[in-house]
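Reader: I would like to learn how to read side-chain pairs and strand pairing in a model. Please take me through the features one by one.

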Amino acid sequence: MILFPAMDLKDGQVVRLYKGDFATVQQVAQDPAATAVAFRAAGAAYVHMVDLDGAKNGRRQNMDMVRAAVQSGLRVQLGGGIRTQEDLQAVFDAGVYRAVLGSAAVTDPQLVADAVARWGAERIAVGVDARGGKVRTAGWVEDSGLDYCEFARSMEALGVSTLIFTDIDTDGTLQGPAFESLARLQKAVQCRIIASGGVSSNEDLRRLSAMGLYGAIIGKAWYTGAVDLARAVKEEGAQ
């Protein structure tokens, strides 16, 4: 299983939210470049980055931090504010390895199909961000009304091969991932699934790996010291 230590970006800072609530924003690292280097030193090969400003208002504002992570040697998986082909071109020109389409995948499925056709399925992921089983958009503020499994199936039909599933109610809580929701998603699609939200320990990572998931995102658990990333890399591997 691939491990994706995470950096959420807002106003030029590395921050964390609780259950996606922007009112709970808290800075968790002083230097994003040094954080990326620390991830690399622990053996990680990827970093998952979310431009929260872009996710909320559609305008990416933290690309300098993204470029710093690219320069660290990590493969950057970036989401937030990527809503057009021009956005995709810009982030790939900045060295991003994989772009994550979230809100745009809900409002403009044709963008997803065109992106996969142009860039290849390896370079495009779709974020399935759910609360109460329904997909959320616009920085998790708006309820699309779509069932998360039905949405995932529609993305698979467009050629998407990588999904990032976030259970918003577990995100930032350190209470464990939404294992049942992940299992339901696994039964619904054949896509590679990256679990996001709630990871609280190395044991959680072992359990996710045992499920056969493609990857897991580690956010708050790393910043609080609840997860030993170097140990996890040795146990689960990094690619």
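**Reading the pairs**

Author: Asp-169 is partly exposed, with a relative accessible area of 34%. Keep in mind that this is a predicted model.

Reader: With which residue does Asp-169 form a salt bridge?

Author: Start with the general idea. Side chains of opposite charge can pair when their charged atoms come close. Here the partner of Asp-169 is Arg-131, and the closest N and O atoms are 3.1 Å apart. The pair links distant parts of the chain, 38 residues apart. Arg-131 belongs to strand β7, while Asp-169 is in the loop between β10 and α8. Arg-131 is partly exposed too, at 26% relative accessible area.

Reader: How many salt bridges does the structure hold?

Author: Eleven salt bridges. Among them is the one between Asp-53 and Lys-10, with the closest N and O atoms 4.0 Å apart. Asp-53 lies in helix α2 and Lys-10 in strand β1, so this pair ties together parts 43 residues apart in sequence.

Reader: Are Asp-53 and Lys-10 buried or exposed?

Author: Both are buried. Now take Arg-67 and Asp-64, another salt bridge, at 3.2 Å between the closest N and O atoms. These two are three residues apart in helix α3, so about one helical turn separates them. Arg-67 is partly exposed at 37%, and Asp-64 counts as exposed at 63%.

Reader: How many aromatic pairs are there?

Author: For rings, read the distance between centres, then the angle between planes. The count comes to seven aromatic pairs. In one of them, Phe-39 and Trp-222 have ring centres 4.7 Å apart and planes at 75°, so the pair is edge-to-face; the cut-off for that class is over 60 degrees. Phe-39 lies in helix α1 and Trp-222 in helix α10, so parts 183 residues apart in sequence are tied together. Phe-39 is buried, with a relative accessible area of 0%. Trp-222 is partly exposed at 23%.

Reader: Which residue forms an aromatic pair with Trp-222 at 5.0 Å centre to centre?

Author: Tyr-223. That pair is also edge-to-face, with 85° between the planes. Tyr-223 is buried, at 18% relative accessible area. Elsewhere, ring pairs join Phe-4, Tyr-46, Tyr-97 and Tyr-214 into a cluster.

Reader: Which charged residues lie over rings?

Author: Check the distance from the charged end to the ring centre. Arg-123 lies over the face of Phe-92, 4.3 Å from the ring centre. Arg-207 has its charged end over the ring of Phe-179, at 3.7 Å from the centre.

Reader: On to strands. In what sense do β7 and β8 pair?

Author: Follow the bridges from strand to strand. β7 (residues 124-131) and β8 (residues 134-137) are antiparallel, over two bridges.

Reader: How many bridges pair β8 with β9?

Author: Three, again in the antiparallel sense. Arg-136 stands opposite Asp-143 in β9.

Reader: And where is Lys-134?

Author: In strand β8. Lys-134 is partly exposed, at 33% relative accessible area. Beyond its neighbours within four places in sequence, Lys-134 is in contact with Asp-129, Asp-143, Gly-145, Leu-146 and Asp-147.

Conventions
Residues numbered from 1 in each chain as written. Predicted model: local features only at pLDDT ≥ 70, side-chain atom pairs only at ≥ 80, totals over all residues. Heavy atoms only, no water. Phe/Tyr/Trp six-rings, centres within 6.5 Å; stacked < 30°, edge-to-face > 60°. Helix = DSSP H or I, 4+ residues; strand = E, 2+ residues; numbered from the N terminus. Buried < 20%, exposed > 50% of the residue type's maximum accessible area, 1.4 Å probe, protein only. Lys NZ or Arg CZ within 6 Å of the ring centre and 35° of its normal. Pairing = 2+ DSSP bridges. Contact = heavy atoms within 4.5 Å. Salt bridge = Lys/Arg side-chain N within 4 Å of Asp/Glu carboxyl O.
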